[in-house]
Amino acid sequence: MRIERIKSNRLTGLEDADWTFPEGPAFLFCKDRSYPRMLGNLLIELFYNQKTLHDLNNDNSKGLLEVWLANGNTRYHIRRDFTQKSSEVVQSSTLEHEEGTGGNVSLPETMTIGDYLFRGNHQIIRQGVVVDWPEQDELNHLKIWINNLRQGGDEGLSLIKVRASLLGGQKRVSDQEGSIVLVKAEYDALRREWESANRQQDEERLLLIAIKNYQENEGILSERIALAIIIQERLALLTKNPDYRELRQLQGELTQLEERLCVVESNLKALTSESEVDWAVIENLREECLEWARLQEQVEDMAVATQTQAEKIAELKDSIQTSGYEGLLKDEDQRLRRMEEEIELAQEELNKFTSIKEVTKSTQLIYSEEIARLQDFEDMAGVTEADEVKIAQREKHLKQWQNSRICCSLDRTLRRHFSETSICEKLKARLGRYYEEHHSTTFEEFMSRLVEFRDQQKLVESLQNQIEQLREQAGREGILHTTVQTRTEFLEKAFLATKAADLPAWLNGWKDFNRKKEQLALEIDAQQLLLNQSAIEENKLHVCTEQLREKLGDWDTPTTSRDDVLAAVFKVATQLRAKDEVEREITEYAQRFNDLLGGRNMERLAKELEPLADLERETLVSDDERLQELTAWQKERIETRKQREEAERRLKSSQKFPALDVLEKKIETVKRQWMAYEDLSRAIDDAQVLLETSWQEWQAKFGKALNNEMKWILSKISPSRAQERMHRELNEAKRDYFAYRMAIAQLTFGSSTEAPLFFSVGVIDDCERFWLDVIAYLRQLSVTRQIILISTDPKLGEKLIGVGWSSLQ
């Protein structure tokens, strides 16, 4: 499988690149040593769907990585997009054929692109495709890495150190076994105390609830008993006065009759004081006059009502015609409301434009300042999460080394007997150089700068998104002005036609207009009904008037005053008749009430027996049942009081325990101690078994093959050892390390699988024969495998081009 082309756009560290790889070996120059590591990580992430958040550029929300590969006549195109959505980065990868009809390759959910193309997992690709020459290639480091590669195939894993650390940890765990027994005993005691306290708390809570229930029940029983005694007294009084309801009814009727008599007397006095009619002369015509007066009054009332109705109708018609709303559509109010809302929304958005421009200007200034601050952290741009984890692990290893007695003893031995720099000092120096590259002195300062860099990076991205949104909003200003102008002109015409000041006034007028239309229809119908009824009553009045005139014609009453005399007579006669009737009824009811009441006090009876309806319902219960119920309540109250006193006594005498939350904190603390001890013991045992099993499997599978492959590679890059007398030991270490590392890169795939090889190295000494041999070996290997050499040494590129290497631009 050969890479034909790699194209990147807006990816951190890579910038915008487009490389086409030739058939032979290729050389790529980079200014920063972190560049090849970044490229290798991105390729591995592409092939194995590694989700990372550091792939996006600081000032762009989109990134793209594309790779074209070929395997014989088969070609593939891989594309990975990085898209910013809300506050997270969404990544998507596609794999498609570039032959025939093309189309995407559909892979199972459990298979990645790397599994499909290289038939190898993530670890194999990382060991066999990306070879990074170490920055510190001193003799001591090389020997350690060679030994690690020979034993386990991983230069960063020292089998001896891991075994020693596990044995030391196991010994420390064994030393703590006695103290853990005491911890478990303390845990059991605390647990028993917690259970007792929990039971106690439950019992106290139940006692408090019971006491409260007893108190409430006792109060309810006392109220029932008191109420039952009062009811008994009222029932006894009602039994002595069985006619109380009749007395109350007679009293109410007398009150109503007296009120009626007062009204009649008042009316009669007003009528007779103003009349000079001789009532004895026309007393015989009382009934006819009453009917005539009634008809005349009805006709007059209907005439007045008809006139009033006609005035209302004329007024409504005039108001409707002059309102300006006549002829409008039924939904005209909804139409104007929509226009008013559109104007308000548009004007509200327009009012924001001044502030939007000012905010945009100030945001751009802030953005420039934050970009300048971000440039102060350029050295942190290349730090990935993997680097952060790696540095944290190194710090942890350093602290473990410093705290380990065995490791300190080993350092003293190295300084005393071998006069070499201690491993602890080497670890410190290694970390110090890394911190110095990132303008830090300690791990805390390094992490602080890294957090500041990432926060500043997020702030810059947020400011850029804010500026883009503000610019989009500013583009709507013209549309909003047009909307406000057209809608305002239409509303002004509508308001002018109806003489309204604004939309609420127009809507009030519209509502009043519709109400008046409905009222007009109702008034017209009512007018017609009044006219019909008035015609009927006028006909009746005409007949009745003619009859009375004929009867009054035999008397000496002038014709012109007959109507007035008759009307006055009829009114007074009616009131006299009503007065006689009321006085008669009052006399009858008063006699019955006094006879029935006798010598009793009605006010006292009403005070004791009201409300009567509730008391009458109580009479449905027999005296025996009421007595039994009262006796039962009294017994229950006594029993409840005893139970409450007993519960209060038990509550006071209960044993006191510490609070549950205090006990729970102690239990959790003790439990964490012995659980951590057991987990650590099991973890150390499991780690020992896993380490030995993995080492034996690796030795069985790759031990012999690794030595053979290393010797073969070493034979290709070691034609003459006589030329290396000055730096023989260092050169031999470099050759051995290179041979072992390349052997790992070859053996991970086996002999049947081809894969590209990225070999990265920093600045090298071009006078060393070793590097000439390495370049020659890689040139020879490029016949069967695609080789991409990445270096920060510009002089190396010139030499490689001279010996048949192609340069990537």
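Visitor: Is Phe 738 buried or exposed?
Guide: In this predicted model, Phe 738 is buried, with a relative accessible area of 1%.

Visitor: And what about Phe 759, buried or exposed?
Guide: Phe 759 also counts as buried, because its relative accessibility is 1% and the cut-off for buried is under 20%.

Visitor: How many aromatic pairs are there?
Guide: The structure holds 5 aromatic pairs. In one of them, the rings of Trp 133 and Trp 771 have centres 4.9 Å apart and planes at 70°, which means that the pair is edge-to-face, since planes over 60 degrees apart count that way.

Visitor: Where in the chain do those two Trp residues sit?
Guide: Trp 133 is in the loop between β8 (130-132) and α4 (139-152), whereas Trp 771 is in helix α22 (residues 769-781), so the pair links distant parts of the chain, 638 residues apart. Trp 133 is buried at 3% relative accessible area, and Trp 771 is counted as buried at 5%.

Visitor: Back to Phe 738 and Phe 759: how are their rings arranged?
Guide: Their ring centres lie 5.8 Å apart with the planes at 70°, so this pair is edge-to-face. Because Phe 738 belongs to helix α21 (residues 728-747) and Phe 759 to strand β9 (residues 757-761), the pair ties together parts that are 21 residues apart in sequence.

Visitor: Which cluster do ring pairs make with them?
Guide: Ring pairs link Phe 738, Phe 759 and Tyr 777 into a cluster.

Visitor: New topic: where does Arg 5 lie?
Guide: Arg 5 lies over the face of Trp 68, at 4.5 Å from the ring centre.

Terms used. Residues are numbered from 1 along each chain as its sequence is written. This is a predicted model: local features need pLDDT of at least 70, side-chain atom pairs count only at pLDDT 80 or more; totals for chains, interfaces and linings use all residues. Side-chain values use heavy atoms; hydrogens and water are left out. Rings of Phe, Tyr and Trp (its six-membered ring) pair if their centres lie within 6.5 Å; planes under 30 degrees apart count as stacked, over 60 as edge-to-face and the rest as tilted. Helices (H or I, at least four residues) and strands (E, at least two) are DSSP runs, numbered from the N terminus. Buried means under 20% relative accessible area, exposed over 50%, partly exposed in between (1.4 Å probe, protein chains only). A charge sits over a ring if NZ of Lys or CZ of Arg is within 6 Å of the ring centre and within 35 degrees of the ring normal.
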